[in-house]
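The sequence and the structure come next.

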Amino acid sequence: MTINETLTMTALLLAPAFFSLLGMAAFGSPVVAVLGEIAAKTKSKVFYDKYGQQTASMGLVLLILILIIQGAAIGVAYTKFPQFIQQFFTAETPLLKAFIAFGAFIIFALPYLTLWKKMRQSKGFHMFLGIGAALASICLIALGVPAKLMATLPTETVQEQLALGAQSMFLPMAIMYTLLTIVAAAGLSCTYLVLRRKKDDFGRDYYNFSLKLAARWATIPMFGFLACQGWLFTTLPANFKTMVLGTPLGIVWAAGCAMGFICAIVWILIARSEKPLQLKGLTFLGCLLMWLMHTANATLFVNFMSMF
């Protein structure tokens, strides 16, 4: 693969990566929201609960958007490639467990995200729904990532790659993308808070608090995500590692890590600021960097799929 081919592929993946990142944020929003709800209970500070509520509102919007987009995409794909789509909805599909986790996520997440205000007098049950949605989200990503790598391949090919050591990639990738859902939810919530400020108007003190909180909660898992990138590289089978080091994919990987690191620095600046509302522009920069980082990772993922 030449540098031009790599850049072309990366450019073509910008739009899919954008919607993928929104989907990640939708899956991660119950995790962040329920953490805020639990923190409000344990620390007796209402701002945590308010931040959880706003993250839940963002997550609901993103979840509905992603369900509509995915439904439309599946419908279009089914009309053009019916046999290809049908193989994903059989009892033998590698995605079966991920589909079950997705169903559990919808069952828990929809009432959790939509009934925040109505269940103020039933906080215990509401947090139960949130924890259920968070656990289902984690299972969905952990099961879906390796299954997606192998979903379109014959069983013999999968077994051959597993024998060559490809299975060693699954754990770091599952943890890496699970952390990314939290990064995406907390990181996008920074921008969401800025966009909703004039409409919701919960007060300057709240927004100063919540912006710093969201930035911290995005930064910590981001460093975990970047650490998993190094872990993933060490576990790559020899043929995968040769592909990365022998092509411009290595540059794409390094650029993605650099974007993620700069993104974390941006969030640290927000988290440490005494007046984070004056750094509103940095929240949008953080989202842009996160999108570019995810695009680089999507380029790697697509090439890893082609190697199976």
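What does the accessible surface of the protein come to, and what percentage of it belongs to carbon and sulfur atoms? The accessible surface comes to about 14500 Å², and carbon and sulfur atoms hold 70% of that area. Accessible areas come from the Shrake-Rupley method with a 1.4 Å probe, and for residues only the protein chains shown count as cover.

## Basis of the values

This is a predicted model, in which local features need pLDDT of at least 70 and side-chain atom pairs count only at pLDDT 80 or more, while totals for chains, interfaces and linings use all residues. Residues are numbered from 1 along each chain as its sequence is written, and side-chain values use heavy atoms, with hydrogens and water left out.

## Overall build

The protein has 12 helices and zero strands. Helices (H or I, at least four residues) and strands (E, at least two) are DSSP runs, numbered from the N terminus.

Of the 308 residues, 49% are buried; buried means under 20% relative accessible area, exposed over 50%, and partly exposed in between (1.4 Å probe, protein chains only). Contact means heavy atoms within 4.5 Å. Among contacts with a separation of 6 or more, 81% are between residues 24 or more positions apart.

## The cavity

Rolling a probe the size of a water molecule over the atoms shows where empty space is left. The structure holds one cavity of 30 Å³ or more, and the largest cavity has a volume of about 40 Å³. A cavity is a set of points, on a 1 Å grid over the protein atoms alone, where a 1.4 Å probe fits but cannot get out; lining residues have an atom within 4 Å of a point. Grid points are joined across faces, edges and corners, and the volume is the space filled by probe spheres set on the points.

Helix H8 (170-200) and helix H12 (280-307) each give at least two residues to the lining of the largest cavity. H12 supplies the largest share, four residues. The lining includes Met-173, Tyr-177, Trp-253, Asn-297 and Phe-304. By class, the lining has eight nonpolar, one polar and no charged residues. Ala, Val, Leu, Ile, Met, Phe, Trp, Tyr, Cys and Pro count as nonpolar, Asp, Glu, Lys and Arg as charged, and the others, Gly among them, as polar.

## Cysteines

The whole structure has zero disulfides, a disulfide being a pair of cysteine sulfur atoms within 2.5 Å. For Cys-190, the nearest cysteine sulfur is that of Cys-287, 7.3 Å away. Cys-190 is buried at a relative accessible area of 0%, and Cys-228 is buried at 6%.

Gln-54 sits in helix H3 (residues 46-80) and is buried, with 5% relative accessible area. Beyond its neighbours within four places in sequence, Gln-54 contacts residues including Tyr-192, Arg-196, Asp-200 and Phe-202. Lys-50 also lies in H3 and is partly exposed at 22%. Not counting residues up to four places away in sequence, Lys-50 touches Arg-120, Phe-202 and Tyr-206. Its C-alpha atom is 9.3 Å from that of Ala-33, 17 residues apart along the chain.

Ser-44 is placed in the loop between helix H2 (14-43) and H3. Most residues other than glycine have a negative phi. Ser-44, not a glycine, has a positive phi of about 55 degrees. Ser-44 is exposed, with a relative accessible area of 66%.

How values were computed
On a 1 Å grid over the protein atoms alone, a cavity is a set of points where a 1.4 Å probe fits but cannot get out, and a pocket is an open set with protein on both sides within 12 Å along at least five of seven lines; lining residues have an atom within 4 Å of a point.
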